[in-house]
Amino acid sequence: MADGDNKSTNQLAAETASLEEQLQGWGEVILVTDKILRWEKVWFPLAVMGTVTFAFLMIYYLDPSVLSGVSCFVMFLCLADYLVPALAPRIFGSNKWTTEQQQRFHEICSNLVKTRRRVVGWWKRLFTLKEEKPKMYFMTMLCSLAVVAWVGQQVHNLFLTYLVVSVLLLFPGLNQHGIITKYVGMAKREINKLLKQKEKKNE
């Protein structure tokens with residue numbers, strides 16, 4: 001068991017080191033983005049929502065076709081991939097990293113690797129469910145996709161995308177400041193109260 005844990009830990013460390021090497025040119029940008037998403041200053045969430053809202057208003061105003069939108073998005077990614085590693089050291093001075101910055105960059109890369117592993121794990125479990133319990137897999141997928149299709153039919157696709165992007169970008173800050181934990185705890189307490197009341201009525 002210990003050998004398995006050591007192997008997993010070593011593999012995680014190797015994957016993290018590899019990702020750090022790949023993202024080294026983006027290091028300062030990632031650290032700045034991390035600070036913004038974790039709301040290190042009180043106005044950061046407002047800045048995030050303002051930027052996202054402006055971007056989606058521009059998309060709504062320009063109303064590009066799907067092909068044009070995808071092409072512009074990929075073009076932006078290509079330009080960023082080329083320009084950021086070249087300009088970031090000059091703008092931020094990446095060669096003057098502190099120990100704290102290096103440690104935070106390592107933590108971010110480690111979290112990204114863990115998140116990737118979780119996604120792969122969920123994907124594998126889905127296929128395991130398909131092989132072991134095909135009826136449950138079929139019903140789960142059918143119901144889930146039907147709900148998604150219904151929501152997509154009720155809400156404008158651009159507004160729905162705006163909501164999804166906003167939630168994803170606000171999630172790290174909400175989690176960092178304990179807001180999610182607070183409201184999840186409140187919801188659990190309310191559910192427990194309802195269950196206890198139901199048990200008393202049954203008695």
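Me: Which residues in α4 do Glu28, Val29 and Val32 in α2 meet?
Reply: Heads-up: this is a predicted model, where local features need pLDDT of at least 70 and side-chain atom pairs count only at pLDDT 80 or more, while totals for chains, interfaces and linings use all residues. Residues are numbered from 1 along each chain as its sequence is written, and side-chain values use heavy atoms, with hydrogens and water left out. On the α4 side, the three α2 residues meet Val84, Ala88 and Phe92.

Me: At roughly what angle do the axes of α2 and α4 cross?
Reply: Axes are lines fitted to C-alpha atoms, for helices over the stretch in contact, and angles run from 0 to 180 degrees between N-to-C directions. The α2 axis and the axis of α4 (residues 66-92) come within 8 Å, crossing at roughly 70 degrees. That puts α2 roughly perpendicular to α4, a label for 65 to 115 degrees; under 35 is roughly parallel, over 145 roughly antiparallel, and the rest oblique. So the crossing angle is roughly 70 degrees.

Me: Which residues of α5 make the contact with α2?
Reply: α2 packs on α5 at an angle of about 80 degrees with 10 Å between the axes, so these two are also roughly perpendicular. From α2 come Gly27, Glu28, Ile30, Leu31 and Asp34. The contact divides into four nonpolar, two polar and three charged residues. On the α5 side, the residues are Gln101, Arg104, Phe105 and Ile108.

Me: Setting aside neighbours within four places in sequence, what is Ile108 in contact with?
Reply: Ile108 belongs to that nine-residue core, as do Ile30 and Leu31. Beyond its sequence neighbours, Ile108 is in contact with Ile30, Leu31 and Asp34.

Me: How do α5 and α6 sit relative to each other?
Reply: α6 covers residues 134-154, and its axis is 5 Å from that of α5 at an angle of about 125 degrees. The contact uses Leu126, Leu129, Lys130, Glu131 and Glu132 of α5 with Pro134, Met136, Tyr137 and Met141 of α6. Its residues divide into six nonpolar, no polar and three charged. Given the angle, α5 and α6 are therefore oblique.

Me: Is Trp39 buried or exposed?
Reply: Trp39 sits in the loop between α2 and α3 (44-62), with a positive phi near 60 degrees despite not being glycine. Most residues other than glycine have a negative phi. Buried means under 20% relative accessible area, exposed over 50% and partly exposed in between, using a 1.4 Å probe and protein chains only. At 14% relative accessibility, Trp39 counts as buried.

Me: Is Asp63 buried or exposed?
Reply: Asp63 is in the loop between α3 and α4 and has a positive phi of about 50 degrees although it is not a glycine. With 61% relative accessibility, Asp63 counts as exposed.

Me: How far apart are the end C-alpha atoms of residues 42-62?
Reply: An unreviewed UniProt entry places "transmembrane region" at residues 42-62, 68-88, 136-153 and 159-180. UniProt positions use the numbering used here, feature names are shortened, and annotations may be inferred rather than shown by experiment. In the model, residues 42-62 are 90% helix and 0% strand. The end C-alpha atoms of that span are separated by 32 Å.

Definitions and conventions: Core = buried A, V, L, I, M, F, W, Y, C linked by side-chain atoms within 4.5 Å. Contact = heavy atoms within 4.5 Å. Helix = DSSP H or I, 4+ residues; strand = E, 2+ residues; numbered from the N terminus. Nonpolar A, V, L, I, M, F, W, Y, C, P; charged D, E, K, R; others polar.
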